[in-house]
Amino acid sequence: GNGAHAQALVIGTGYGGSVAALRLAQAGVSVEMVEMGMAWDTPGSDGKIFCTLTNPDNRSYWLRTKTKAPVNFFLGFPIDKAISKYTGVLDAEEFSGITVYQGRGIGGGSLVNGGMAVTPKRENFAGILPSINADEMYNVYYPRANAALGAAVIDPNWFNNTAWYQFARVGRKQAGRSGFPFVFVPDVYDWNYMQQEDAGTVPKSALAQELMYGNNYGKKSLQKTYIPAALATGKVNISPLHKVTSVSPAPGGGYTVLMDQLDTSGNVVTSKQVTADKVFFAAGSVGTSKLLVRLRDTGQLPNLNGQVGQGWGDNGNIMVGRANQIWDPTGSKQATIPCGGIDNWTAGGAFAEVAPLPTGIETWASLYLSITNNQHRAQFTWNNTTQQVDLSWQQAWKQDGITMAKSIFDRINSTEGTIYRTDLFGVYKTWNDTLTYHPLGGAVINRATDNYGRLAGYQGLYVIDGALIPGNTTVNPFVTITALAERNIENIIANGG
Ligand code: FDA
């Protein structure tokens, strides 16, 4: 409530925030978590908490009047539709050169993501987080994160036989025929639950086109892992629909935190002021960077250094579809949970997730989300005229990612005698070069902070989310975000500061 005092206040309830809250609470610290999105614990009139990919309603998007689907065309026709403005679960946040997709609600990105829980290859780690001891990460913190998240690989026997993964078997076969390794990757979806969905014994979610706008049953989002563990300590309180707007040093020590309580149309209901001894920025790469840049440049936190706002990347995201031959259907049945990818990182700088396209009809399309080694980095800056934070990313920078993704798909097309789909992202548009699902950086570790996330210039302020990672993780990022948070919070609890 207004005027309250917290020992630790955590801004955001995604991976970094949930790890911080659990470990602080276990160490005896009382924690207030503040989340701008909804709680997502109450079913709507259809009995479900979340809506499906194919029938989106107001629950789908954060304060938009029209959906903004990443695959937004089909056979050249636009498929986005009008929705009423609501604090929905997926934010398609638009900057001048890129749209950044993010989760909104208790659980952050874990509510909307595909659950692919990928640990980078050890030999790539020095290129991801050069200042971090790899032995500690691979011996202690990656295993700790994977265990707490519940990551597991699909049963290969089931994979080989079920209609729901025909699309992925086509992806594997075609990768192999072109000489690329196909690798199974862990996911946090409950694979046993999925087999029960298939058997018809439980309500369906992955097998019922639940993707991107939340998952009602089988996915082990943070709402099923870190967050209930944190709440069970009795030391954590979470306030949904509260957006932090300011953090500044309090006269008597600690920090004054201002926040707006929102209604489900996004209007400010009331503003509150609390104090906290320590504040953890866990609002995600974009949320944390926007807050810190504004607070530095408008005078609330002037001692933050010049690295704040820098080093932002898109994890090289590039999307493309291929048109298969008539004898290679990808299936009218498609599970929404990816389970494997094509690893050409070393040779071409790309790791391509074989992605589902669960439309319910046969499309003969293979869809891929590639993570490429795009080297471009953007920065966040405060725009005094618009009173907004801008991001300097340029759409043309995606060309490097396209070139790396082509190292895989040009060859597959040539082997298979196939072509790219040009009807999925616009009219005659092959590459989706306008978005990222994997924002990373903006408050990079060992530059904007010390080597454990303590913000330079202020005692008791920390960054503990994807903003710490300088732009690329070679694979999908949330396991690395979680493991790094586990490492950093252990040091902060042990050594303070
Ligand atoms: P995260 O974004 O999770 O959490 C930040 C939280 O802070 C949000 O809940 C937000 O609402 C809140 N917040 C922001 N500003 C605030 C403010 N001012 N006040 C209060 N609260 C505030 N990754 C992966 O590894 N495997 C995958 O399969 C996928 N798939 C995928 C699909 C899609 C569609 C998306 C959008 C993303 C993915 N990802 C993914 C990416 C992954 O979800 C992402 O990297 C992590 O969620 C980032 O974790 P963080 O802890 O950094 O922030």
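In this predicted model, three strands form an open sheet with mixed pairing, in the order S5-S6-S20. Strands are DSSP runs of E with at least two residues, helices are runs of H or I with at least four, and both are numbered from the N terminus. Two strands count as paired if DSSP finds at least two bridges between them. Strand S5 (90-94) and strand S20 (435-436) stand at the edges with a single partner strand each, so one side of each has no neighbour in the sheet. Strands of a sheet pair through backbone hydrogen bonds, either parallel or antiparallel. S5 and strand S6 (residues 99-103) run antiparallel and are joined by five bridges. Within this pairing, Ala 92 stands opposite Tyr 101 in S6.

Residues are numbered from 1 along each chain as its sequence is written. Because the model is predicted, local features need pLDDT of at least 70 and side-chain atom pairs count only at pLDDT 80 or more, while totals for chains, interfaces and linings use all residues; side-chain values use heavy atoms, without hydrogens and water.

Helix H1 (residues 15-26) packs against helix H11 (residues 478-495) at an angle of about 35°, and their axes are 9 Å apart. Axes are lines fitted to C-alpha atoms, for helices over the stretch in contact, and angles run from 0 to 180 degrees between N-to-C directions. Contact means heavy atoms within 4.5 Å. Among the residues that meet are Tyr 15, Val 19 and Leu 24 in H1, and Phe 478, Ile 481 and Ile 489 in H11. The residues of this contact comprise nine nonpolar, two polar and two charged. Here Ala, Val, Leu, Ile, Met, Phe, Trp, Tyr, Cys and Pro count as nonpolar, Asp, Glu, Lys and Arg as charged, and the others, Gly among them, as polar.

On a 1 Å grid over the protein atoms alone, a cavity is a set of points where a 1.4 Å probe fits but cannot get out, whereas a pocket is an open set with protein on both sides within 12 Å along at least five of seven lines; lining residues have an atom within 4 Å of a point. Grid points are joined across faces, edges and corners, and a volume is the space filled by probe spheres set on the points. There are two cavities of 30 Å³ or more.

| Space | Volume | Lining by class |
|---|---|---|
| Largest cavity | about 50 Å³ | five nonpolar, five polar, two charged |
| Second largest cavity | about 30 Å³ | four nonpolar, four polar, two charged |
| Second largest pocket | about 190 Å³ | six nonpolar, six polar, two charged |

Of the 14 residues lining the second largest pocket, Gly 1, Ala 4, Glu 32, Ser 239 and Val 274 lie nearest its centre.
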